[in-house]
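Here is a friendly walk through a two-part structure, meant to be read with the model open beside you. Please have a look at it before reading on.

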Amino acid sequence: MMRLRIYYPVIAGAIVIVVLHLVLAAADATYYMTQITMSAYYALVVIGLCLLMGYAGQISLGHAGFFAIGGYTVAVLTTYNLAAYRDAPLLARCHSLGLLVEWQDLYGREILSFSPWVAFGAALLLTAIIALVIGMPVIRLKGHYLAMATLGFGLIIYRIALGTPILGQADGISTVPPFPLFDGLQVNGRAPFRVQNYYIAWAVVLTAVVLSLNLVHSRVGRALRSIHENEEAAHSLGVNTYRYKLAVFILSALFAAIGGALLTHYNGSIGPSEATVMKSVRYVAVVAVGGMANLWGVLLMGILLNFLSLRGVFGTFDDAVFGGILIGMMILAPQGLLRVAGVRTIVSRLAGRSHG
Amino acid sequence: MNLSQIVQYGLAGITVGSIYAITAIGFNIIYATTGVINFAQGEFLIVGAMTAISLSRIAPLPVAILGAVLITTVLGGLIEIVFIRPVKHASVLRLIVITIGLSILIREAMLHVWDEKVRSLPYFTGTPVSTVTILGAHISPQILWVLGVSAVIVIALTLFFRFTRTGRAMRACSDDRMAARLCGINDRWMVTLSFMLSAGIGAFAGCVISPVTQTQYDMGAPLAIKGFTVAIVGGLGNSMGAVAAGLFLGLLEALVMSQFATAYKDVVAIVVLLLILIFRPSGLFTRSDVSALRTV
């Protein structure tokens, strides 16, 4: 019974998602769903970062880098035209195994490229490898050393995206094809697919939340929190702090890469602006305002802030808003907005019981 | 490469390196008294240069620079009093995040006060095309200004920390804040003073380099990363180490620029940073067992 209780908010979340759809449909404002879908993919990054920062207590200023690795990998693999090498033995073999697809781009050119499934798998694999290689040395660092090292990683990814011809340099990569999943479902940003993509994105996000909840409420979750509280103490109690930190670093990188890959298919393009340090800082700001170790708070704030930002509500103060949020939260309410006394009473009254 | 080219690249490297060194010293001053890396350090340089550029329209250049340094110094102090001081029992993570937020806010404020145009102060002596010839290499007199000012700042700071009462009090705070307080040192004001000092030095450095590198509202963050790299390589809190590391990084970048495309220049600094962080986080010039006691 206790074990199931942690999933109640997931059911409530699913109901809210459906109700939101009905409300938007009734108000004839379904175009909002496009930005909600995009926000959901960005929220995937902050859910991963919430595990890393909130539960394991390790900062990362480079998660936009992992988002970009996921996005750029699928973009390159699904758009790079292999038609010229069609007869190469290796490619012919891939073709016969169904790893390649033939399609026409906007200008009617015949394109032979890797199928989105292959690209997606490759993106996850590449992200895991890079996160492992970067994480092994970097995750041993503490405090501002870790912050600067991850910032440096993010900057390198940004420079590579900006300087490499195959990645489109400053223009990025456009004409990324949709990602057909199964039974006519596809990750596609065009208007006819709006409703199904709204649900696809939310399905992915809720799956990530359920996985994260399981993790947090397991032995691993308790180990991570013990690392956050006092790493030396955790270590002396036999927790292999290094391995736990590394594992959660890779997991959060994978969440970011999935968000990046799916959003790239949804938008049909990706550019170097997704890899900037400012993006990484925004993700950190969202985790801070959501309350660090509070998956639901982080998810809610991730959707809300990204949605408002995408709608252009903040205007030219877009970055300043996120900077202000960071400072305000850290000085006034380091436990997150939802834990501030006034808000907390309202939340617990709505939920009908008090949260821990 | 012939001799004059080597001198040319070498001087360019030393110039850039001394700018990095001054930025790194700004990091060091604050780190020494608070144990915090101030991610907004690069913004101090740009605020200083931008203010001086605006003031130079209504006042002669030396007055404008002096005014800019004073204004930025006050700004540094205010930032500490408003944003850092109220945070009690803060973890390093929290303070890092606050200074990151500050750097964004200052940058965005500059965007709204000044706009995104590239500006620069006039050359202190001569014109953009006047040159001094050293060993067959032609260099701008402004470069000599940068080198001279860097040297003066480093020497003045060393004397300040060694021989003045206030300087010694600040060093006492960095060694053991509680013990310093017990000796009657007002440690809170020492922290504020460290922010003012590093803001003022940053502003002065920003003014001196403005004619050479130009000034734009978003140039602070890249400078801060270079400065941080140098501070780490030299060993956090070690000013002479910062000078040596700054010159090392500057010359390394000059070497890379002379052999490869300019685009890789920034990657070099970051790779150096990562390697140092991974293999020798205490810096090149510090004994690792000594600094192990100081790292957070």
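In chain B, residues 24 or more positions apart account for 75% of the contacts with a separation of 6 or more, where a contact means that two C-beta atoms, placed from the backbone, lie within 7 Å. In chain A, among contacts between residues at least 6 apart in sequence, 78% join residues at least 24 apart.

A word on conventions before the details: this is a predicted model, in which local features need pLDDT of at least 70 and side-chain atom pairs count only at pLDDT 80 or more, while totals for chains, interfaces and linings use all residues. Residues are numbered from 1 along each chain as its sequence is written, and chains are lettered from A and ligands numbered from 1 in the order in which they are written.

**The two chains**

The table sets out the overall figures. A residue counts as buried if 20 or more other C-beta atoms lie within 10 Å of its own, as exposed if 12 or fewer do, and as partly exposed in between, with C-beta atoms placed from the backbone.

| Chain | Span of the C-alpha trace along principal axes | Residues that count as buried |
|---|---|---|
| Chain A | about 65 × 55 × 45 Å | 45% of 356 residues |
| Chain B | about 60 × 50 × 35 Å | 50% of 296 residues |

Chain A holds 15 helices and four strands, and chain B holds twelve helices and two strands. Both kinds of element are DSSP runs numbered from the N terminus, helices being H or I with at least four residues and strands E with at least two. In chain B, the order from the N terminus on is α-α-α-α-β-β-α-α-α-α-α-α-α-α.

For 356 residues, a compact globule would have a radius of gyration near 21 Å, and chain A agrees with its 21 Å. For the 296 residues of chain B the expectation is near 19 Å, and chain B agrees with 19 Å. The radius is taken over C-alpha atoms, and the globule rule is 2.2 Å times the number of residues to the power 0.38.

**Helices of chain A**

How far apart are the axes of H3 (residues 32–55) and H11 (residues 241–267) of chain A? They are 7 Å apart, and the two helices pack at an angle of about 175°. That makes H3(A) roughly antiparallel to H11(A). Axes are lines fitted to C-alpha atoms, for helices over the stretch in contact, and angles run from 0 to 180 degrees between N-to-C directions; under 35 degrees counts as roughly parallel, over 145 as roughly antiparallel, 65 to 115 as roughly perpendicular and the rest as oblique. Among the residues making this contact are Tyr41(A) and Leu52(A) of H3(A), with Phe255(A) and Tyr266(A) of H11(A). By class, the contact has 18 nonpolar, four polar and no charged residues. Here Ala, Val, Leu, Ile, Met, Phe, Trp, Tyr, Cys and Pro count as nonpolar, Asp, Glu, Lys and Arg as charged, and the others, Gly among them, as polar.

Helix H13 (residues 295–310) of chain A has 16 residues and reaches 22 Å from its first C-alpha to its last, close to the 22 Å expected at 1.5 Å a residue; the expected span is 1.5 Å times one less than the number of residues. Its buried residues include Leu295(A), Met301(A) and Asn306(A), and their cover includes H3, H8 (194–216) and H12 of chain A. Gly312(A), with a positive phi near 80°, follows H13(A).

The buried residues of helix H14 of chain A include Phe322(A) and Met330(A).

**Where the chains meet**

In total, 29 residues of chain B are in contact with 30 residues of chain A. On the chain B side, H4, H9 (220–234) and H11 (265–279) each supply at least two residues, and H4(B) gives the largest share, twelve residues. That side has 25 nonpolar, one polar and three charged residues.

**Two positive phi values**

Most residues other than glycine have a negative phi. Thr175(A), however, has a positive phi near 55°; this residue is in the loop between H7 (143–163) and S3 (179–180) of chain A. Asp115(B) also has a positive phi, about 95°, and sits in the loop between H4 and S1 (132–134) of chain B. Thr175(A) is partly exposed, with 14 other C-beta atoms within 10 Å, whereas Asp115(B) is exposed, with 10.
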